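Okay, thanks for coming, everyone. Let me put the structure up and talk you through it.

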Amino acid sequence: MSNTLTNNPSAASSIEKPFGSVGIKAVEQNIMMNQFPMDRISGSLLSSSGKTKGTNTTLSDKLYAWSTINTEHQELRRTALDLFTDKSVFQPSSTETKERQRVIVLNQLQYFLSKTFGKGLINISDLRNDPSKICALMDCASQFDDNSFMTKMVVNNFLFGAAVFNLGTEKHHRLLPDIQSGKLLGCFAMTELGHGSNVRSLETTATYIPETNEFVIQTPKRTATKWWIGNAGHAVMASVFARLIVNGEDQEVHCFLVPIRQPNGVDLMPGVRIGDCGPKFGMNGVDNGWIQFESVRIPYDNLYDKYGSIVNGVYQSPIANPSRRFANILAQMITGRISISYGCARTLKVALTIAVRYSNKRVQFGATPTAPETPIIEYPTHYTVLMPMIATVYAFDAIKSYLCKRFCERSDEGEIHVLASGLKATISHYVTTSILELRRLCGGHGYSSYSRFSSLIASNDVARTFEGDNTLLYQQVAKDLLIQFKKEYSSNKFTGTLKYLGKNTSLLLSEHTYTTYRSDKDHLLNLQFLRSCMEYRSSKLLIDSANTVSKAYKVSKDAFDSWNQSLETLIHLAKSHTEMMIVSKFIDSVKNVQDKETRETLKKLCQLYALKCIREDMEFFRNTNYLKKNKAKAISKLISSLCHDLSKQSLELVAGYGNEEALIESPLGQLDGDLYENICAKVGLFSKDNYPQHILDAKL
C-alpha cells in the first residue's frame, strides 16, 4: 500500500514534493520586474532604531516576551516553527485539489507528531499536567497555511486523544503513545446531522447486551448520522458519543471507542459507512465526513468509563445527578475553546502584520500632483481602523496569559469555564470580522488570493461555530454569572469572577456625578477610571438581567420562555463581562511590567482598547447617565489622538507579535524587498487553459 494512507509516521519523510515553482518562470520574471525601477519604499521596513539604548533588545522583542508570559516553552516553539519552515514537507497546500490537499496534510501531520509528541516535547497528558504547552503549540501551528494542519492535529490529539485521556481509564490510556505519535489515527464523533449545539439530545445509541457483555452502536435515523467529523477519511478509531441504553433505560450521552476501519487505514469495519461532507469555505485539507453505524458491536471495555460503568448488569456512576455527569463529560471542551482563542488571536496577528506592512509601503496621493505620494498608513481613515485592532490583539494576549495561568492552576473551575467560553466567542468573532476589514484596507491587492486574506477569513470563520456556537457560549456565560449572583447577592460578599460587584452595588444607586462630567485627558486615560467603567457596565447589566428574567418568568411561568425573552440583555451581559475581564487583566499586566518603555507602550495600547470598548457601547453609558455628551465627544477625540501617536510605531507593534517571518506567505506583508516586485512574482501569463478548445483549434 502506498505511503499516502499508512499510519507509519515516517511516511511523510518520503512524500513527493507536489509543488512546482510559485509564480511565473524566470524568463517571465525578467519581463515583469527587472526592467523597472524599484518602488521608492523598498528594502527592510525595520531597522535597529527600535533597540533600547545600551542594549541589543528592541521594543518588539520585549513586547513579544510579554505576550508569551505563561506559555514560553521555547524549545517546543522553536522545534515546531523549524518544522513548519521545512519546505521539503511543509509547503502550503491550500491551492491543491481537495483530495490532494488531504493527502499532503496527512503526511505533514504524521511527520510533525513523530518529531514533537513522539520525542516527548509535548504529550496528550499535558491536557492535565501542563496545558500551557498546548497553548504554545496552538500559537505556533496557527501560523502555517490555512489551518488544515492545525485542525487535523487538534482533532487527532486533543479531541479524539483527549476523550481517551479524560473520559477513559487506565485500560484505555495504553493507546495514548500511538495516538499522540501519529501511529493511531482517530476522530471525535460527537456532532450529528440533526444536532450540533444540543449535544444532550444526540440520537446515536449504544445498547448494552448483557448476554455477551457488548454494546451495539446504532444510527437509528438519518438525523443521527455523525456529521462534520474531522479526520473521518483517515481515522481507524473513533470516540463516538451515543446514548447509553441499559435494560431499556436511557442513561443519556456517554462516549465509546469504536473501530471504524481495518488496521490498513482504508477498508471499513463491518456495519460502518463513511462518506465525504464535500468542499468547504476553507480548510479543505481536513477530511470532514459523515459516519453511520448499523448494529456495530464493540466489547464492554470500549466504554470510556470514568463517569459511568455497568456492574452486574446495572448502571452506576460516581456522579448521581445526570446534569452534573453530562457537564463533566463535556468539560474537556474547555481545552478546545482555549486553543481556539490562541489560534484565532495568532491568525489576526498574521493578518495585521500583512496589512500594516502593506500600508507602510503603499503610497497614494500627495499634497500636490508633483509632490511625493503619502503612505496610506498616514491617513486617519486608515490608522484609526488599524490601531484599535493592534491594541485589541495585545489585550487578547493579556487575558490569554491570565486564563492559561488559571487553567494550569485549576483553582477555580467556574471562573475558567466562564472566561474560556466568553473569550472563545469574543475573540473568534472579532478576528473574523477584523480580517475582512483588513482585506478592504489593502484594496484590490487584498482581494487577490495571494494576499492570504481570503484563506485567513475562510479558516477562521468556522471558529465562531465549532467547539460551541458563540451565541450559546455567551448564554452559558450569562447563566453561570446569574447562578453565582443569586448565591452571593444576599450577603453582598461577592467572590471569584464576581468580586468586582461588591464595590459597585452602592455606585449603582448613586448619581456618580463627578465621574459623569469630567472629560479632561488625565481623567479619561486614568486606568482606574477605565476599569471602573467596564465594571459598572457589567454590574448594571447583571442586575438588569436578573430582573429581566425574573419579571418575564412571573408573566409566563415558563423558565425556557422567560430566558428566551431575555436573550438580548443576557448576551449583552456576557459580552460586557468578557470585555471587563480583558480590560481588568490588561491593566493588571501593564502595572506589573518593569521595563519603562514596554510599560508605557502597553499602557497606551490598554487605554486605546478600553476607550474603544466604551465608545462601541456608548448607547449603554449614555442611557444609564454614566457618561454625558461632553465626555462621549472627548473619548472619540482621544481615541483618534492615541491612534495617531501609536501609528508611528505600527511596524514595531506588529513585529512584537513575533510571527515567524517565513510563514507570512504574502507578498503584501514581506518585511524586505520591493512591494510590487513581490506582488509580480506571484502572477503569470494566461495559459491556454483560459481559451475554448475551438478557438485554439482554429488558431492552429
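So, α16 and α20 are roughly perpendicular to each other, where roughly perpendicular is an angle of 65 to 115 degrees, under 35 is roughly parallel, over 145 is roughly antiparallel, and the rest is oblique. The contact is made by L481, L482 and F485 on the α16 side, and by L542, I543, S545 and A546 on the α20 side. Contact here means heavy atoms within 4.5 Å. The angle between α16 and α20 (residues 527–556) is about 85°, and their axes are 10 Å apart. Those axes are lines fitted to C-alpha atoms, for helices over the stretch in contact, and the angles run from 0 to 180 degrees between N-to-C directions. Helices are DSSP runs of H or I with at least four residues, strands are E runs with at least two, and both are numbered from the N terminus.

Some housekeeping. This is a predicted model, so local features need pLDDT of at least 70 and side-chain atom pairs count only at pLDDT 80 or more, while totals for chains, interfaces and linings use all residues. Residues are numbered from 1 along each chain as its sequence is written, and side-chain values use heavy atoms, with hydrogens and water left out.

There's another crossing to look at. Helices α12 (residues 380–409) and α25 (residues 629–647) have axes that come within 9 Å and cross at roughly 85°. That makes α12 and α25 roughly perpendicular to each other too. From α12, the contact uses Y383, T384, M387 and P388; from α25, it's S640, C643, H644, L646 and S647.

Why is α6 (residues 131–141) described as largely enclosed by the rest of the structure? Because 10 of its 11 residues are buried. Buried means under 20% relative accessible area, exposed is over 50%, and partly exposed is in between, using a 1.4 Å probe and protein chains only. Among those buried α6 residues are P131, I134, C135, L137, M138 and D139. The cover over them includes α3 (74–84), α4 (98–115), α5 (126–129), α7 (148–167), α11 (333–361) and α12.

Now the annotated positions, which I know you'll ask about. UniProt, in an unreviewed entry, lists E467 under "active site". Keep in mind that UniProt positions are in the numbering used here, feature names are shortened, and annotations may be inferred rather than shown by experiment. Where does E467 lie? It's in the loop between α15 (453–461) and α16 (470–488). E467 counts as buried, because its relative accessibility is 14%. Leaving aside neighbours within four places in sequence, E467 is in contact with L159, M333, G336, R337, I340, K424 and L473.

For "binding site", the unreviewed UniProt entry lists T191 and G230. They're spread over 40 residues of sequence but cluster in space, with a largest C-alpha distance of 10.3 Å. T191 is in the loop between β1 (186–189) and β2 (205–209), and at 27% relative accessibility it counts as partly exposed. Not counting residues up to four places away, T191 touches G196, T225, K226, W227 and I229. G230 sits in the loop between β4 (226–229) and β5 (237–246). G230 is buried, with a relative accessible area of 9%. Again skipping residues up to four places away in sequence, G230 touches V155, C187, V286, D287 and N288.

And β4 belongs to a sheet. Three strands form an open sheet in the order β4-β8-β7, with antiparallel pairing; two strands pair if DSSP finds at least two bridges between them. β4 and β7 (272–276) are the edge strands, each pairing on one side only. The twist averages 20° from one strand to the next. β7 and β8 (residues 289–293) pair over five bridges, and R273 stands opposite Q292 in β8.

Last stop, α22 (residues 567–591), which holds K575. K575 is partly exposed, with a relative accessible area of 40%. K575 and Y474 are 101 residues apart in sequence, yet 7.0 Å apart in space, C-alpha to C-alpha.

Zooming out, the chain comes to 28 helices and 13 strands. Of its 700 residues, 56% count as buried. And among contacts between residues at least 6 apart in sequence, 75% join residues at least 24 apart.
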